[in-house]
Amino acid sequence: MEKKELLYEGKAKKLYKTEDNNLLIAEFKDDLTAFNALKKGSEDGKGALNNKISTQLFKILEKNGIKTHLVKTLDETHQLVKFCKIIPIEVIVRNIATGSLTKRLGITDGTTLPFPLVEFCYKNDDLGDPLLNDEHCLILNLVQDEGVLVTLKELARKINSILKDFFAKRDLILVDFKVEFGIDSSGEILLADEISPDSCRFWDAKTKEKLDKDRFREGLGSVKVAYEEVLNRILKTQ
Ligand code: 5GP
């Protein structure tokens, strides 16, 4: 399968058409951005690590009944994925309060939430990805009906429960994460985009060291070493 015309370029990935209308090639970039792309950088090998990490996590989720866009890994930085129309909602799940939640609501950083909090944000860089409630989603026609929002929340909670347990066994705390979903040609909702240390917060269970993109956001040093550590723990057999 070969890359054809560039369909979309985001902050961390490029999407190419292929000769099959139902399949796209996703290329993982080495670029890093923080706080709506105001701070930019790049680290050699970051894209390849995210490709490996996301592939492993999508396979685990598939085994646990979550349908995803992943078809297969093509090489170090490329995946073959099913074409789907991305729902422009970033679905965020939080187990521990940090980041924008602590700033927005004044909750002490590091507080364990009484239950996983699911939030929706509008996937719109020009507006700074603002927080949405269900009615905003309907008024903006981001989904067909309220049932889709219910499904997105259920899927997000299920993904959280699978991954939280998986990482706990590897001494990693899944603090929070962002996922995106798409709708394929048959109308099925698929987990799309990626799940990686670019889109999740991981803290070491013992030292509370940050092993995710916050290292770049906060100038804490190399992200690559941290992402390699996350991959090694994912690959660790139980
Ligand atoms: P916060 O709202 O605290 O900045 O982010 C919550 C979680 O969602 C974090 O794990 C963060 O990495 C992820 N997240 C939120 N917005 C984005 C985004 O635009 N891109 C990526 N890759 N992750 C995001």
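## Nonpolar core

In this predicted model, the largest nonpolar core has 49 residues, of which I89, F181 and I195 touch the most other members. A nonpolar core is here a set of buried Ala, Val, Leu, Ile, Met, Phe, Trp, Tyr and Cys residues joined through side-chain atoms within 4.5 Å. Buried denotes under 20% relative accessible area, exposed over 50%, and partly exposed the range in between (1.4 Å probe, protein chains only). Helix α4 contributes the most to this core, namely 10 residues. Because domain 1 (6-82) and domain 2 (85-222) both supply residues, the core lies between them.

Contact is defined by heavy atoms within 4.5 Å. With neighbours within four places in sequence left aside, F181 is in contact with K85, I86, I87, V91, L152, L155, A156, I159, I189, L190, L191 and A192.

## Domain interface

The domain assignment gives domain 1 (6-82) and domain 2 (85-222), with bounds that come from an automatic or database assignment. Taken over C-alpha atoms, the centres of the two domains are separated by 17 Å. Across the interface, 30 residues of domain 1 are in contact with 29 residues of domain 2.

Between them the domains bury about 2500 Å², 62% of it on carbon and sulfur atoms. On the domain 1 side, L57, I66 and K67 lose the most area to domain 2, together 20% of what that side buries. Buried area is the accessible area (1.4 Å probe) that two parts lose on being put together, summed over both.

## Helix α6

Helix α6 comprises 12 residues (224-235); at 1.5 Å a residue it should span 16 Å, and its end C-alpha atoms are 16 Å apart, which agrees. The expected span is 1.5 Å times one less than the number of residues. Helices (H or I, at least four residues) and strands (E, at least two) are DSSP runs, numbered from the N terminus.

The buried residues of α6 are A226, Y227, V230, L231, R233 and I234. Viewed down the axis of α6, these fall within an arc of 165°, so they line one face of the helix; the arc is that of the directions from the helix axis to the C-beta atoms. They pack against β4 (31-34), α1 (46-63), α4 (146-168), β12 (172-183), β14 (200-204) and α5 (214-217).

## Residue N50

N50 is part of helix α1 and, at 1% relative accessibility, counts as buried. Apart from neighbours within four places in sequence, N50 is in contact with F28, E194, S196, P197, D198 and Y227. The C-alpha atoms of N50 and I195 are separated by 8.0 Å, although these residues are 145 residues apart along the chain.

## Basis of the values

Residues are numbered from 1 along each chain as its sequence is written, and side-chain values use heavy atoms, with hydrogens and water left out. As the model is predicted, local features need pLDDT of at least 70 and side-chain atom pairs count only at pLDDT 80 or more, whereas totals for chains, interfaces and linings use all residues.
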